[in-house]
Amino acid sequence: MKFRLLGPLEVVHGGRPLSIRAARQRAVLAALLVDANRVVPLEVLVARVWDDDPPSRTALHNLVMRLRHALGPDVIETRAEGYLVEASDEDLDVRLFDDLVRRARTADPRQASALLTEALALWRGEPLADVPSEVLHREVVPGLVERRLAAVELRIEADLALGGHSDLVPELRELTDRHPLREHFWHQRMRALHLAGRQAEALDCFRQVREVLRDELGVDPGPELRALHQRILVGEHRRPTTTPVPRQLPTRTPHFVGRATELRHLGRLLDVAAETVVISAVNGSAGIGKTTLAVHWAHQAADRFPDGQLYVDLRGFDADNAPTPPSHAVRGFLTALDVPSERVPATLDSQTALYRSLLADRRVLVLLDNARDADQVRPLLPASPTCLVLITSRNQLTGLVAREGARPIPLDLLDEADALALLRGHLGARRVDADPEAAAELVEHCAGVPLAVALMAARAAVNARLSLRDLADDLRDEHTRLDTLDDDDPANGVRAVFSYSYRQVSPGAARLFRLLGSHPGPDVSVAAAASLAGVPITEANGLVDELAAAHLLHAPTPGRFALHDLLRAYAVEQPDDGRRDAVRRLLDHYRYAAAEANRLVHVARSPVDLDAPGPDVHRESFAGIEAAARWWDAEHRVLVAAVSLAAKQGFDRHAWQIAWAIAVDLDRGGHWVEWIDTQSTALAAAERLGDLRPQERAHAALGHAHGRLRDLESARKHFTHALALGESLGDPRTQAGAHNNLGWMAEQDGRFDVALDHALRSLALYEEVGDRSAQGRAHGAAGWDYARLGELDLALVHAEAAREVFRDLEEPRYLAAALDTIGFAHLGAGRYDLAVEHLREAAALAVGDRLHESTILTHLGDALAASGDPSAARDVWRKALGHLEELGITDEAEDLRAKLRGS
C-alpha cells in the first residue's frame, strides 16, 4: 500500500486508488503518516484532527476503526500510548523524497541532478491539500515546503555545476519572484547570469534584492550576496588578492554513507547572514565518524569559500603525541597564507591578530579537527563574518557553545541500514547481499560504530577467502570481540581509540565507566548509577555528565544513559576489584525500588521480607501510583535483565525477589515470555537456596504465565507443585492461593463445577487466616463459576461481596473483575441495561490491562447487541479484537471476528 502526502492525500493499493471520503478520516491518516514508523500519542492525534476543539477519545477510536475497515486491519497498529503506521521509503512519498535528496547530497552533480529531479517530481501540489487540520497545516506543511525549496536549491546547484547557466535563468527569475526573501535563490540567479556572461543583469539582480530586503525587512543583503556582488563588480569569479588560496582539506573517504540530518544542519550554516562568526562543533564518541563527516561536507561546500580552506589536526586525543598548541596551529595557517617566517609575531596574541586580519572580509572555511577543549580552538577563530569554522571533538565543547555561540551537532551511531550501506561501499553490493543474514549480524556486533564496520570490511577486502559469515562468527563472542577488531592494527583499532577518551576523564568518572560495564543494560538512570558506584546522587550526576561529555556514554532518552556494546566490552576489560560489591549495590537498588513500586501499585499483594540495604544504596521513592508506574515503564527491560544478572553472579535472593516484584507488571503488560524466563530463573535460585516459600511463589507465577500462553498442561503442573509446597509449609494462605489457581485451570477447560469447588475451598482457607483482600478474590472466582454454571443468583451474591471488598480496598483490577461478573450475570438474566451499566464501569477500570479489558469488552459487546444496539456492539468488539491481536491470542480473536461477521 502506497501513501502520498505531497499534494492531496492519496492511498494506492494494488495500483488502484482507495477512496477516503470522510474528512476526519483523512486527517487521522495524515496525522499518523507524517510520523510514520513512530507511535503517535493519543493526545497528539486528537489535537491534530480536531485542532482546538477536541472531543472524547472514543471519537478518535471510532475513526481509527473506520479507517481500518477502509484500509485493512493491519495498516494501523495499536500501541499502549497511541497508534502507529509503518511505511517504507518506497511506500510513502515523503520518505522516498527524503531518501532521494539524501542520496543526492553525496552524489556527483550529474547523479545529484537526476535524483533531485526524481524527488521533486513526487510533488503534486500543496502538501495535505485536502486534509482539514489547522495543526498539520501550521506545524507540518511549512516544514515540508521548506524541504522542497531546499531540494530545488540543491538541484540548481548541481545544474550550475554541469554548466546549465543560461537555461536556469528563467526558472530562477520565477523562483525569486515567488520567494523574494529567499536570498539563496537570488544568489543562484546572480551566479547563473554572471557565468552566462550577463554581468549587467547580475548586478541589477543585486539592486533588486537589496530593495526588497530593505522594504520588507529593513535589512541589507547577507555576506554571501555581498561577496558575490563584489566579485562581479571587479569582473572575475574570485576577487584578486595577493594572498594565495590555501586548499588544505584532507582527501575525503569514497565510502561515506548516511548522516542526512547532520549534512542538512551543516548546509543551513551556509545561509546564515548574521554578522557573526558561525561555528559548528561536530562531536561524538571515538570511531563515530566525526572527521569523515566534517571532511566530506567541507569538500561539498568548498566552492562556497573561494578564498580557501584551512585545516589542522589538533590531536586532542592522540595516544602518542601531546595536543597541538594553538600557537603551532596558527603559525601553520599563517604559512599557508604566505606570511614569511620572519614576519610571524612572537606571541600567540599577535599571531592571532595577524591571522584574523588576513581573513577579514574573505570567505574561508576553517576545519579544526580533533579539538581537545574550547581553549585550544579560541585563538584559531576568525573574526570575519564571511568565514565559517567547523570543529570536531570528542568533548561537547559547552564553553564554546555558551561564549562563542557555537552550534553543536552531536553525532550518533549508524543505524543498521547505514551500517550495511557502509559495508557495501567497502565490499560491493554483490558480496554483502549474497549473505544478508551474516551481514546484518556483523554490523549488529559492530554496534553502529563506523570505525568497527570499516575495520571488518578491510579484513574482508584483503582476504577474499573470508566470508561474511566467518567475520560475523569471529565477532559473536563478546569477550573476544575487541581482539577481533584490533587484530591487524592494534594501534588504530577500536580498543585504542576508546582508550584515548577513557584516559582523559577524572578517576571517579573512569571508575564509574568501568563499573557500568557490569550493568545489565540496556540503559541506566542516574539513581542506579549512584548505587552502582556507591556515591551520593549529586556526585553521580556529575560523573555521568562527565562521561556523556566525553562520549563514553550516550543518552537514548532524557535522564537515561547507555553504553553501546563495544564500549561495554571495553569497560569490562578494565581491571577493578570492586565489581562484585558494585553489582550487589545495583541489585539492592533494583530490588528495593521494584518492591516499593509494587507496594504502591498492587496493594492487594502480600509483601516479601527484604534485608535492609547498605548505606551506599540509593533508595528510590515515588510520589504516588503514577510515578511508580512511570518508573516501571522506564526500567522494565533493565529489571528483567537484572534477574538474570543476579542469578549469574550468585545473588540468588536478589534474583527471586526482583522476579517476584515485577511479576504482576509483566502479566499486565502481556510480557508472558519474559514472565516465564524471570520466574524460571527465580525458581532455580530458590531451589539453590533450599527455600520453599519462594519456590512456591515461582511455581504459582509460572502456572499463571503458562496459562496466559494457553500451555495448560505446564500451568497445571506448576500449580500442583505450588499446592504441594503449600501443604509442606502448613500454610493455609499458600494452599488457598493454589486452590484458586487450580480453579482457574479448571475454568480454562470448561470444568466450572471443579473450578467452583476449588474457589469455595480457597474462600474457606482465606476466611481462616482473615485475609479480606484474598477473600474478595475467592468470592470473585466463585461468582464467575456460578455464573458460568447458570446459578445467576448465587453468582451475584459472591460477585457483589467481591465488589464491596475491592471498593473498600480501592483495588481497581479486582473490582473490574467483580463488576464484569455482575454484568455477565445480569446479561444471562436478560437485564440488559444493568449488564451494560456494570460492564461499562468494569471496562473503564481495566484500561491498561489489555487481556482483562478485551474480556470485559467482549461481554459488553454481547450486552449491547442483546439490548438492540448492534453498532455500539461492533465498536467495542473491534476494540477488544485489537487488544487480542496485539497480544497474539488467536482463539478468542477468531471468536470475535465471527461475532463481527455475524453482526
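Helices here are DSSP runs of H or I with at least four residues, numbered from the N terminus. Keep that in mind as you click around, and remember that you're looking at a predicted model.

**Stop 1: a loop between two helices**

Select Ala447. You'll find Ala447 in the loop between helix 20 (436–445) and helix 21 (450–462). Check the backbone here: Ala447 has a positive phi of about 60°, although Ala447 is not a glycine. Most residues other than glycine have a negative phi. Is Ala447 buried or exposed? Ala447 is buried, because its relative accessible area is 12% and the cut-off for buried is under 20%.

**Stop 2: another positive phi**

Now jump to Asn37. This residue sits in the loop between helix 1 (23–33) and strand 4 (40–41). Asn37 is not a glycine either, and its phi is positive too, near 70°. With a relative accessibility of 33%, Asn37 counts as partly exposed.

**Stop 3**

Next, select residues 2–4, which make up strand 1, then residues 10–13, which are strand 2, and finally residues 16–18, which are strand 3. Together, three strands form an open sheet in the order 1-2-3, with antiparallel pairing. Which strands stand at the edges? Strand 1 and strand 3 do; each has a single partner strand, so one side of each has no neighbour in the sheet.

Zoom in on the pairing. In general, strands of a sheet pair through backbone hydrogen bonds. Strand 1 and strand 2 are joined by three bridges. Pick Lys2, and its bridge partner in strand 2 is Val12. Pick Arg4, and you'll see Glu10 of strand 2 opposite. On the next pair, strand 2 and strand 3 are also linked over three bridges, and there Val12 stands opposite Pro17. That puts Val12 in both pairings: with Lys2 and with Pro17.

Now look at the turns. The hairpin of strand 1 and strand 2 has five residues between the strands, and Gly7 takes a positive phi near 145° there. How many residues lie between strand 2 and strand 3 in their hairpin? Two, and Gly14 in that turn has a positive phi of about 60°.

**Stop 4: a cis peptide bond**

Go to Pro522, in the loop between helix 25 (507–516) and strand 12 (524–525). Most peptide bonds are trans. The bond joining Gly521 and Pro522, though, is cis, with omega about 5°.

**Stop 5: two helices side by side**

Last, select residues 832–845 (helix 40) and 850–866 (helix 41). Their axes are 9 Å apart and the packing angle is about 155°. That angle makes helix 40 roughly antiparallel to helix 41, since angles over 145 degrees count that way. The crossing of the two helices is left-handed.

Show the side chains in the contact. Helix 40 contributes residues including Tyr832, Val836, Leu839 and Arg840, while those from helix 41 include Glu853, Ile856, His859 and Leu864. What kinds of residues make up this contact? They divide into 12 nonpolar, one polar and two charged.

Technical notes: Residues are numbered from 1 along each chain as its sequence is written. This is a predicted model: local features need pLDDT of at least 70, side-chain atom pairs count only at pLDDT 80 or more; totals for chains, interfaces and linings use all residues. Side-chain values use heavy atoms; hydrogens and water are left out. Axes are lines fitted to C-alpha atoms, for helices over the stretch in contact, and angles run from 0 to 180 degrees between N-to-C directions. Angles under 35 degrees count as roughly parallel, over 145 as roughly antiparallel, 65 to 115 as roughly perpendicular and the rest as oblique. A crossing is left-handed if the near helix is turned anticlockwise from the far one by less than a right angle, and right-handed if clockwise. Contact means heavy atoms within 4.5 Å. Ala, Val, Leu, Ile, Met, Phe, Trp, Tyr, Cys and Pro count as nonpolar, Asp, Glu, Lys and Arg as charged, and the others, Gly among them, as polar. Two strands pair if DSSP finds at least two bridges between them. Buried means under 20% relative accessible area, exposed over 50%, partly exposed in between (1.4 Å probe, protein chains only).
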